[in-house]
Every structure is written in structure tokens, then in C-alpha cells.
Amino acid sequence: MVILGTIDLRKRFRLPGQKPIEVLKGVNLSVKPGEKVAIVGRSGAGKSTLLNILGGLERPTSGTVTRPKNVGFVFQQYHLMPELTVLENVLLPLMSAGRRDEAAGGRKRAAELLSRVGLGGRLDHLPSELSGGEMQRVALARALVTDPELVLADEPTGNLDAWTGAGILKILTELTADAARFALVMVTHSPEAAAICDRVLTLEDGVLRGEKGPGGTGA
């Protein structure tokens, strides 16, 4: 069974007066439920673009993506709403269209997740009152509040110092171990972050090395 899959995924950018830039040149990926996959590669290789396409935030130029409806996101920049409390930020995914009844009963789950990440005593604080590591822990709780089948993480330790980043990885490892039902795909430059995953794939020259494609042999 595959929870996330792509076939010949391509992304081309057109800049005025310049030749098209093909960032993704035929990405083939398959991820099973409960599997943790790291995607590494040099800066500018297209890792964040790929992750955005996997999550439906960007559209590919061509190719297909198969993913579950319930996806959680962890961003490098946290993307917390500054005027909302910690608890309210975690509840945001449940406030989307069609999930307001779920949000009404989601406060308990949100509070439990925040307690799991060490922020049980800061539910009413604003993001401006938190450190970078604390904001990323809020982002982790927000990604999991909908009980997703797939979590996509873009450089979850990229803005943190080594000690704080290690703490985030410890929490992420514990959460994924407790919730083995969801898959994790993480873009990272960090060898420590990649080490918590089951597989490490490299995005190079627009394709993923180490993943077999249709009729291909992989690398």
C-alpha cells in the first residue's frame, strides 16, 4: 500500500526574457503508511518546491501526485498567527471549512499535544512570548492536531541552534513512534534530522536518487 506517490513529476519555471528552468525532471516517489523519508540535496535543488507540490501547495507542470486528504505541515518559518494564542494556533487546521464542529471538540486534543511537546503551561501565550524552539513545538502540535495520515516537514530544525534542534528531533521521533499510522516526509540539510528516518533520498539534477521509478532501476 502506498500513501503518497508521484509519477514523472515535473516542474518548470518561466522567467521573462529567459529560458525555462526545469527544477523537477521526472520525480518518482512512493511512501508507505508509517514510513519516515528524508529528502536531502544542495540548496536550490528544488526540495521545498517538491515538498510544496507533494502537499498540494503548488501545482506541477506535469506528472501525477497521489496523497491522502488529511496532511499536516511543519514549516521552517513556523507560520504562526501572531495575534492568536498558542492553543488557538494549534486549533487553526480544525477551523477550516467543514471542520468547525470538529474544532469545537478539538481543544482537548490540542491541549494534550501541547502538553506532549512541553508547552502545557503556555496555552494562553502569544507567539511573541515564545522562543524559536517553542514556536516550532507549537508547529509540530498544529501539524498533528487533525490526526493526519501524512506529515510534510520543510527544514524543521533549519532556524534553530544545534541544541534546540536536537530537542525538536527528539520530540518528533517520539511523536512518530507513538503514532506509527502516519507517514513523514522531511526535507532537510541536517544529517541528524535525516538519521531519524527510515530512508534518505537525494534530489539531484531534478530527480530523486535511490527511488525506483516506473520501469526504472533507481540509483
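I began with a cut-off: a residue is called buried under 20% relative accessible area, exposed over 50%, and partly exposed in between. By this rule Glu-22 is partly exposed, because its relative accessible area is 28%. I note at the outset that the model is predicted.

**Entry 1. Salt bridges**

I looked up the salt bridges, and the count comes to seven. I followed Glu-22 to its partner and found that its side chain meets that of Arg-12 in a salt bridge, 3.9 Å from N to O. Arg-12 belongs to strand S1 and Glu-22 to strand S2, so this pair ties together parts that are ten residues apart in sequence. I recorded Arg-12 as partly exposed, at 33% relative accessibility.

I then turned to Arg-10, which forms a salt bridge with Asp-8. The closest N and O atoms of Arg-10 and Asp-8 are 3.2 Å apart. Arg-10 counts as partly exposed at 26% relative accessibility, and Asp-8 is partly exposed with a relative accessible area of 33%. Which residues are linked with Arg-10 in a network of salt bridges? I found Asp-8, Arg-12 and Glu-22 linked with Arg-10 in that network.

**Entry 2. The loop between S1 and S2**

I next looked at the loop between strand S1 (4–13) and strand S2 (21–31), where Leu-15 lies.

**Entry 3. The open sheet**

I traced an open sheet of six strands, in the order S5-S6-S7-S3-S8-S9. The pairing in this sheet is mixed. Which strands are at the edges? I found strand S5 (71–74) and strand S9 (207–209) there, each pairing on one side only. From one strand to the next, the twist averages 25°.

I examined strand S7 (residues 183–187) in detail. Strand S7 is mostly covered, with five of its five residues buried. I checked both faces of S7 and found them covered. Ala-183, Val-185 and Val-187 are buried on one side, and Leu-184 and Met-186 are buried on the other.

I then followed the pairing of S7. Strand S3 (residues 36–40) pairs with S7 in the parallel sense, over four bridges. Strand S6 (residues 150–154) also runs parallel to S7, and five bridges join S6 to S7. Which residue of S7 is the bridge partner of Lys-36? I found Leu-184 to be the partner of Lys-36. Leu-184 is likewise the bridge partner of Val-151.

**Entry 4. Strands S8 and S9**

I moved to strand S8 (residues 199–204), which pairs with S9 in the antiparallel sense over three bridges. Opposite Leu-203 I found Leu-208, which is in S9. I also recorded a salt bridge here: the side chains of Glu-204 and Arg-209 meet at 3.9 Å, N to O. Glu-204 is partly exposed, with a relative accessible area of 40%. Arg-209 is partly exposed as well, with a relative accessible area of 32%.

**Entry 5. Aromatic rings**

I searched the whole structure for aromatic pairs and found one. Planes under 30 degrees apart count as stacked. I checked the cover of each ring's residue. Phe-73 is buried, because its relative accessible area is 19% and the cut-off for buried is under 20%. Phe-75 is partly exposed, with a relative accessible area of 22%.

**Entry 6. Gly-121**

Where does Gly-121 lie? I located Gly-121 in the loop between helix H4 (107–116) and helix H5 (132–144). Gly-121 counts as exposed, because its relative accessibility is 71% and the cut-off for exposed is over 50%. I also compared Gly-121 with Ala-111, which is ten residues from Gly-121 in sequence. In space, Gly-121 and Ala-111 are 9.5 Å apart, C-alpha to C-alpha.

Key: Residues are numbered from 1 along each chain as its sequence is written. This is a predicted model: local features need pLDDT of at least 70, side-chain atom pairs count only at pLDDT 80 or more; totals for chains, interfaces and linings use all residues. Side-chain values use heavy atoms; hydrogens and water are left out. Helices (H or I, at least four residues) and strands (E, at least two) are DSSP runs, numbered from the N terminus. Rings of Phe, Tyr and Trp (its six-membered ring) pair if their centres lie within 6.5 Å; planes under 30 degrees apart count as stacked, over 60 as edge-to-face and the rest as tilted. Buried means under 20% relative accessible area, exposed over 50%, partly exposed in between (1.4 Å probe, protein chains only). Two strands pair if DSSP finds at least two bridges between them. Axes are lines fitted to C-alpha atoms, for helices over the stretch in contact, and angles run from 0 to 180 degrees between N-to-C directions. A salt bridge is a side-chain nitrogen of Lys or Arg within 4 Å of a carboxyl oxygen of Asp or Glu.
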